[in-house]
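Visitor: I am new to this structure and would like to learn how to read it, one feature after another. Could you take me through it slowly, giving the general idea before each case?

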Amino acid sequence: MKQTQAIKTFLYSQYFADGLRIAFGALVPALIFSYLGDIRTGIAVSLGAVITSIVDTPGPTKDRRNAMLVLVGLIFLISFITKLINPFDTVVIIFLSVLNFSMCMIAVYGTRAASLGTAAILVMILNMDDLKMTADSSLMHAVYATIGGAWYLLLSLTLTQFRPFRLSQQALAECIQDTADYLRLKAKFYDVTVDSDKNYQKLIDQQVTVHQHQDIVRELLFKSKAVVKDSTRLGRVLVIIFTDMVDIFERTMATHYDYEAIRQNFGGTDALRAIRLTVNRLANEMDNLAYHITADHRPKKLYDFKSDLELIKAAIDKVEDTGKNAVILKKILVNIRDLITKLNNIYQYFDAQATQLNNQETDLTKFLSHQSFDAKILKANFTLSSSTFRHALRMVIVMIVAFFISKLIPFGNHSYWILMTILVILKPGWSLTKQRNYQRMSGTIIGGLAGIAILLGVEQEVVRFIFLMFFMVLAYSFIRINYILGVMFLTPYLLLLYSFLGVSTLEILQERIIDTITGSLLAFTSSYIIFPSWEGKNVQTSMRKLLIANYNYLARALEYLVGIEVSETEYKLVRKDVYVNMANMTSIFQRMITEPKSKQKNAKDLNKFLIYNHILSSYSVALVTVVKNADPKSLTAEHVKLTRKSLKQLSQTILQFKMNEENEPFTEIDIKTAVTLPENAGENEETKLITEQISFVSKIAQDLNKICERMDLLRENNLAA
């Protein structure tokens, strides 16, 4: 049942939709011109369509449209120039160098700009295989490729207009699934057989994934005026569900406890098993919700959860009967009940009238990332300290070397595959290059063997064409989410395509494997010896930014304590900043631990630093939540004193980092007390809970300080300088 739903979820996903759209956009021109007896022209048009699809990644319609328009213009210009200069190697080298450097540098303007640069370089590479062309034929070839790009642009925008909410639905569903996976990892903390440290690392990695997809949904929902201002039921439901899912994720983060203590005290009881079962069922309920959203169906709940709550309550009562203090288990039960209520509310949105739906999110534009295209950004990166600049220089050098090698290879007509391999493998960082290298080579070999098996075992052209379409759709579906699978499907697709063109498939496979290996070796070697970029150089800056983000978040708790009003928008912006910096720091650490051992510094301490920051942000979320909703009579001057002490501890940790040009100045926040609080509020439960939460925060702040002291940051910075 789960496998069937997983398959259906993929078929309804944006990735499969992308695969169908790209395959359709590439196949139609080829079939039309093949029918007219001019397959060569058809391939030129199809290539234009495929290249244009590179920048057609999820995002606001305006951003996608602008990127595709720019790329269509570049396709014409670069194709025409490349075809004209092909007979002149010296001119080709100059143009190749200028194009590679400029297109790599525009990556400073964001991911979509980087995709545009990659596509532009690919246009030149694909046009470097034909030396016998006149000015007229070069012009016509450029026109055909441009027509293909324009055709795909119209196809994509038309489909978007036809179903304007479809991309938002698919992205939101994926975001909900990621949150469900995060919840499952939380459930594992109640399993005594699971390694807590390893589960923490997985939890942090999953938090990065959730945050990334939340950003995509924000872009799709809030940058589109049609969605935000739309009065239809679907548009409003999507925005409200997303807002609630962000709150659910925050609440899930806030439910952080001393899991080792919980395991020691209650590991042999039915309570932990009941809690783990219910949390996993909550995750299943989220998956069910995501499936129905992406399938565009009215969702139906899987579970009632009434019996689950009763089961947990009974298990907790048994624990109390043994004389153990089960207050912490009761808190967990309350949090689970709150999550169930929130999920039930989301289901009710599908039955509510549009007029009953109230979107509580305010100042939405403040939550969006705004990409500046100021020339100063580009100018600031013209330095060897910029990883983008080093990558651009590295790409130019390697491409020139690959060009000469391609001229020396004694067989085949597709030696430009070497340059193409370098383009897709060589990344700014060594670890990403290493990962893509392995994926490319493995996918090519496995896919090549599968393609040969089909060609040897299937002789009917109709069956081969069916296989071709099958591999084509899957290649374009997986290439963005699972590169190794994308290449595995792409290779047999290309072999089948060349078989229809009358080219020897064994020779093509041999050539592709040799070119792939050559390009992979060049890319991998160059990333190590030519202006290498090691993540260790970025660690200090990211650590500092993450600590500052957590400091600012904890400062909101202090403002709530002392009676200063904090707007919901301001609070959520500070919370988002914590998630962004946590994601950045985690990504850097993940890449760093795949680098050579000699380049890894303080890996174990950095792992603990990440875990403690995750715990700190979780405790801070819990503290802010408790203080916001607390009875003012439960707040004391001691709470303020303890929170100030924690902030001071964090500020001392931040000041251990030496300032450089990449670091923003840090100033301690001076928060004045707006109300007079009593020294003691008695022994009520709420006061105890707040004291407990602040104590947790204080302990973690001290642990972070000790870790940073052990890493001796100032000495390392001085050595680096």
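Guide: Let us begin with charged side chains along a helix. In this predicted model, aspartate 181 and arginine 184 both belong to helix H8, which covers residues 166–187, and they sit three residues apart, about one turn of the helix. Their side chains form a salt bridge, in which the closest N and O atoms are 3.0 Å apart.

Visitor: Is aspartate 181 buried, exposed or partly exposed, and what about arginine 184?

Guide: Aspartate 181 has a relative accessibility of 32% and so counts as partly exposed, and arginine 184, at 21%, also counts as partly exposed.

Visitor: Which helix holds arginine 218 and aspartate 215?

Guide: Both lie in helix H9, residues 196–222, three residues apart, which is about one turn of the helix, and their side chains meet in a salt bridge with an N to O distance of 3.1 Å. Here arginine 218 is buried, with a relative accessible area of 6%, whereas aspartate 215 counts as partly exposed at 24% relative accessibility.

Visitor: How many residues apart are aspartate 703 and lysine 699 in helix H27?

Guide: They are four residues apart in helix H27, residues 685–711, and are therefore separated by about one helical turn. The side chains of aspartate 703 and lysine 699 meet in a salt bridge of 3.3 Å, N to O, and aspartate 703 is buried, its relative accessible area being 15%. Salt bridges can also share partners, and in this way Asp18, Arg21, Asp56, Arg64 and Arg480 are joined into one network. The count of salt bridges comes to 18.

Visitor: Let us turn to aromatic rings. How is a pair of aromatic rings described?

Guide: A pair is described by the distance of the centres and the angle of the planes. A search of the whole structure finds 20 aromatic pairs.

Visitor: Which residues do ring pairs link into a cluster?

Guide: The cluster consists of Phe10, Phe16, Phe467, Phe470, Phe471, Phe478 and Phe489, linked by ring pairs.

Visitor: How should I read the nonpolar interior?

Guide: In soluble globular proteins, nonpolar side chains tend to be buried together. In this model the largest nonpolar core has 122 residues, and those with the most contacts inside it are Ile176, Ile241, Leu329, Ile336, Ile346 and Met543. Helix H23, residues 536–562, gives the most to this core, with 15 residues. A second, separate core has 88 residues, among them Ala23, Ile85, Trp417 and Ile454.

Visitor: Which residues does isoleucine 336 touch, not counting residues up to four places away in sequence?

Guide: With those neighbours left out, isoleucine 336 touches Ile275, Thr278, Val279, Leu282, Leu309 and Ile312.

Visitor: Where is threonine 82 found, and is this residue buried or exposed?

Guide: Threonine 82 is found in helix H4, residues 61–85, and is buried, with a relative accessible area of 0%. Leaving out residues up to four places away in sequence, threonine 82 touches Phe95, Met124, Asn127 and Met128.

Visitor: Finally, how many helices and strands does the chain have?

Guide: The secondary structure comes to 28 helices and zero strands. Of the 721 residues of the chain, 54% count as buried, and the accessible surface comes to about 32800 Å², of which 59% belongs to carbon and sulfur atoms. Among contacts between residues at least 6 apart in sequence, 83% join residues at least 24 apart.

Terms used: Residues are numbered from 1 along each chain as its sequence is written. This is a predicted model: local features need pLDDT of at least 70, side-chain atom pairs count only at pLDDT 80 or more; totals for chains, interfaces and linings use all residues. Side-chain values use heavy atoms; hydrogens and water are left out. Helices (H or I, at least four residues) and strands (E, at least two) are DSSP runs, numbered from the N terminus. Buried means under 20% relative accessible area, exposed over 50%, partly exposed in between (1.4 Å probe, protein chains only). Contact means heavy atoms within 4.5 Å. A nonpolar core is a set of buried Ala, Val, Leu, Ile, Met, Phe, Trp, Tyr and Cys residues joined through side-chain atoms within 4.5 Å. Rings of Phe, Tyr and Trp (its six-membered ring) pair if their centres lie within 6.5 Å; planes under 30 degrees apart count as stacked, over 60 as edge-to-face and the rest as tilted. A salt bridge is a side-chain nitrogen of Lys or Arg within 4 Å of a carboxyl oxygen of Asp or Glu. Accessible areas come from the Shrake-Rupley method with a 1.4 Å probe; for residues, only the protein chains shown count as cover.
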